[in-house]
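Please examine the sequence and the structure shown here. The briefing that accompanies them is arranged by topic.

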Amino acid sequence: MSPRLAFLAPALLLLAALAGCATKPSIQDLPASNANIDAFSLNGRAAVNADGRGYSATVRWRHAGGRDSLRLLSPVGSVVAQIDADKDGATLTTGDKKVYKSTDAESLMRDVLGWNLPLAGLRYWVVGRSNPDAPVQSEARDDRHRLSSLVQSDWHIGYLDYFGESAMPARMSLAREKLSLRLVVERWEFPE
């Protein structure tokens with residue numbers, strides 16, 4: 001094998017492996033009901049428009065036992081922000097290792113990043129449910145009784161796609177005032 005081909009072979013294998021990772025995840029393991037989901041991990045992508053400025057990030061989010069760990073990565077894979085939140089408060093660590101603390105994730109993100117993530121409601125909305133701690137302003141459901149739209153806490157949430165027949169959202173949009181967010185979930189995981 002020529003030196004040039006020897007160099008290209010590993011690169012081609014890596015490209016083939018990455019292409020395999022880009023396929024839509026299997027829906028056979030996803031729950032048919034979202035009623036009892038208390039813990040999850042998701043991998044996906046988010047696009048944010050805040051006051052006319054656009055941002056995009058890869059999202060890694062783990063929610064369990066009232067604790068959230070949310071990592072936002074740049075398109076090239078570097079950490080933009082790591083948010084950890086629980087009942088005692090929230091911490092945001094930037095990519096350059098600066099640490100910020102607050103009593104809640106929403107105000108922390110607003111102060112540090114310039115836009116707020118409604119984490120208290122989002123942990124329910126992302127699994128296709130309304131937040132039981134806040135009144136529902138309006139909702140619509142599809143023929144499988146899954147949410148197709150929801151207005152809660154002045155957030156307008158649109159459920160654009162689900163993973164097949166499952167109860168798990170694949171694409172959603174959120175909007176409030178001058179902030180809009182699109183989330184594409186690429187993979188769900190549920191602890192045993």
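The model is predicted. The protein chain contains three helices and eleven strands, and 38% of its 192 residues are buried. The largest pocket has a volume of about 280 Å³, and the structure holds eight salt bridges.

**Overall fold**

- From the N terminus on, the elements of the protein chain follow the order α-β-β-β-β-β-β-α-α-β-β-β-β-β.
- Among contacts in the protein chain with a separation of 6 or more, 34% join residues 24 or more positions apart.

**The largest pocket**

- The largest pocket, with its volume of about 280 Å³, is lined by 18 residues, of which Ala 46, Val 48, Ala 57, Leu 72 and Trp 115 are the closest to its centre.
- The elements that each supply at least two lining residues are strand 1 (40-50), strand 2 (53-64), strand 3 (67-73), helix 2 (105-113) and strand 11 (179-189).
- Strand 2 gives the largest share of this lining, with five residues.
- By residue class, the lining of the largest pocket comprises 17 nonpolar residues, one polar residue and no charged residues.

**The largest nonpolar core**

- The largest nonpolar core has 44 residues, and those touching the most other members are Trp 61, Leu 72, Trp 125, Val 126 and Trp 188.
- When neighbours within four places in sequence are left aside, Trp 61 is in contact with Phe 40, Ser 41, Leu 42, Asp 68, Ser 69, Leu 70, Leu 119, Leu 122, Arg 123 and Val 126.

- Asn 43 lies in strand 1 and counts as buried because its relative accessible area is 15%, where the cut-off is under 20%.
- Beyond residues up to four places away in sequence, Asn 43 touches Val 59, Arg 60, Val 184, Val 185, Glu 186 and Arg 187.
- Phe 190 is located in the segment after strand 11, and its relative accessibility of 26% classes this residue as partly exposed.
- The C-alpha atoms of Phe 190 and Ala 39 are 6.4 Å apart in space, although the two residues are 151 residues apart in sequence.
- Ala 39 is also one of the residues that Phe 190 touches, together with Leu 30, Pro 31, Ile 37, Phe 40 and Met 168, when residues up to four places away in sequence are not counted.

**Salt bridges**

- Of the eight salt bridges in the structure, one joins the side chains of Glu 186 and Arg 45, with an N to O distance of 2.5 Å.
- This pair links distant parts of the chain, with Glu 186 in strand 11 and Arg 45 in strand 1, 141 residues apart.
- Both partners are partly exposed: Glu 186 has a relative accessible area of 33%, and Arg 45 has one of 43%.
- Another salt bridge is formed by the side chains of Asp 88 and Lys 87 (3.4 Å, N to O).

**Positive phi angles**

- Most residues other than glycine have a negative phi.
- Asp 154 has a positive phi, near 65°, and is placed in the loop between strand 8 (147-152) and strand 9 (155-162).
- With a relative accessible area of 43%, Asp 154 is partly exposed.
- Glu 177 likewise has a positive phi, near 50°, and occurs in the loop between strand 10 (169-176) and strand 11.
- Glu 177 is exposed because its relative accessible area of 76% falls in the class over 50%.

Note on methods
Residues numbered from 1 in each chain as written. Predicted model: local features only at pLDDT ≥ 70, side-chain atom pairs only at ≥ 80, totals over all residues. Heavy atoms only, no water. 1 Å grid on protein atoms, 1.4 Å probe; cavity = no way out; pocket = protein on both sides within 12 Å on 5 of 7 lines; lining within 4 Å. Points joined across faces, edges and corners; volume = space filled by probe spheres on them. Helix = DSSP H or I, 4+ residues; strand = E, 2+ residues; numbered from the N terminus. Nonpolar A, V, L, I, M, F, W, Y, C, P; charged D, E, K, R; others polar. Buried < 20%, exposed > 50% of the residue type's maximum accessible area, 1.4 Å probe, protein only. Contact = heavy atoms within 4.5 Å. Salt bridge = Lys/Arg side-chain N within 4 Å of Asp/Glu carboxyl O. Core = buried A, V, L, I, M, F, W, Y, C linked by side-chain atoms within 4.5 Å.
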